Amino acid sequence: MTDAADLKRMFLDDPDQPFPAVELADPAGLVALGGDLSVPRLLDAYAAGIFPWYNPGEIIQWYCPDPRSILVPTELRVTKSYRRSVSTADYAVTMDRAFAEVISNCAGPRANETGTWIGSDMLSAYQELHHLGHAHSVEIWRDGDLVGGLYGVASGRSFAGESMFSHARDTSKVALYWLCAQLAAWDFALIDCQVTSSHLTSLGAIDLLREDYLHLHTQAAARPALPGPWQFAIPVPNSANHLPA
């Protein structure tokens, strides 16, 4: 149970107030409350391995859970059916071509769910991060329509995956495949998946102790950044028949 003293310590009541040490997080990984989604605050958070996670209308909550789920780009688990979805080439894939559309689709309600954790404040904040070259998207196109994608935030050579969506079978997984291929080519050490799930585990994600995750992330985040907009530097399906006009 978080007591009043812990809540006071966690609360960010000054724009310049640093985050508490992540070792002081509560059992759920909650590090801090409040603050804002300004670019400096978000960049400080991601550099420290902290991310915002809360529902629209709630106070901003900042997390650094233990354990932490990560995916090493070279260790994506690709089954036969997954590989068929990638190799069919019945699509085109791009980077940073439609960030606003991707995050808006990620914010939409999922099947059998109501509501979303990506509110209007998050939409605005991450679009600003994208505009400044820190947040990136992968888009899957079919017949000119956006049918899948994902987005996240880069810190040096560490990538924090935020959300993905599919409007056609396996299209979010296809986006992840090409993201991993490009990040591996750019020598990114990890994709931060944040919180474990059976779906992520099936794709090759592993859980690390927070201490081990932070060691790996801190080293990767200290390496030279690749500011956006990003474009694929490896061969990818890019048929003009599938790209938007």
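How many residues of the lining of the largest cavity are nonpolar, how many are polar and how many are charged?

Modeller: The lining residues of the largest cavity divide into 5 nonpolar, 4 polar and 2 charged. In this count, Ala, Val, Leu, Ile, Met, Phe, Trp, Tyr, Cys and Pro are nonpolar, Asp, Glu, Lys and Arg are charged, and the others, including Gly, are polar. The model is predicted, with residues numbered from 1 along each chain as its sequence is written; local features need pLDDT of at least 70 and side-chain atom pairs pLDDT 80 or more, while totals for chains, interfaces and linings use all residues. Side-chain values rest on heavy atoms, with hydrogens and water left out.

The structure contains 1 cavity of 30 Å³ or more. A cavity is a set of points, on a 1 Å grid over the protein atoms alone, where a 1.4 Å probe fits but cannot get out; its lining residues have an atom within 4 Å of a point. The volume of the largest cavity is about 50 Å³, volume being the space filled by probe spheres set on points that are joined across faces, edges and corners. Its lining consists of Y46, G49, I50, R68, V153, S155, S158, A160, D192, Y213 and H217. At least two lining residues come from each of β8 (145-155), β9 (158-166) and α8 (210-221). Such labels follow DSSP runs numbered from the N terminus: helices are H or I runs of at least four residues, and strands are E runs of at least two.

With a relative accessible area of 2%, S158 is buried; buried means under 20%, exposed over 50%, and partly exposed in between, for a 1.4 Å probe and protein chains only. The side chain of S158 is in polar contact with the side chain of H217, at 2.9 Å. A polar contact is a pair of N or O atoms within 3.5 Å; within protein, one must be able to donate a hydrogen and the other to accept it, and residues adjacent in sequence count only if both atoms are side-chain atoms.

W62 sits in strand β4 (residues 61-63) and is buried, at 0% relative accessibility. A polar atom of the W62 side chain lies 2.9 Å from the backbone oxygen of G34.

β4 is one of 4 strands in an open sheet of mixed pairing, ordered β1-β2-β4-β3. β1 (11-12) and β3 (51-52) each have a single partner strand, so one side of each is left without a neighbour in the sheet. Two strands pair if DSSP finds at least two bridges between them. β1 and strand β2 (residues 30-34) run parallel and are joined by 2 bridges, with L12 opposite G34.

β8, which supplies part of the lining, pairs with β7 in the antiparallel sense over 8 bridges. Here R142 stands opposite D145. The hairpin of β7 and β8 has 2 residues between the strands, and D143 in this hairpin takes a positive phi near 55 degrees. Most residues other than glycine have a negative phi, and most peptide bonds are trans. Of the 8 residues of β7, 7 are buried.

On to the next strand: β7 (residues 135-142) is also joined to β6 by 4 bridges, in an antiparallel arrangement. A92 has W141 as its bridge partner in β7. In a regular strand the side chains alternate between the two faces of the sheet. In β6 (residues 92-95), both faces are covered: A92 and T94 are buried on one side, V93 and M95 on the other.

Finally, some backbone details deserve attention. The peptide bond from D66 to P67 is cis, with omega near 10 degrees, and P67 is placed in the loop between β4 and β5 (68-71). Q194, in strand β10 (residues 190-194), has a positive phi of about 70 degrees although it is not a glycine. Q194 counts as buried because its relative accessibility is 8%.

Methods: On a 1 Å grid over the protein atoms alone, a cavity is a set of points where a 1.4 Å probe fits but cannot get out, and a pocket is an open set with protein on both sides within 12 Å along at least five of seven lines; lining residues have an atom within 4 Å of a point.
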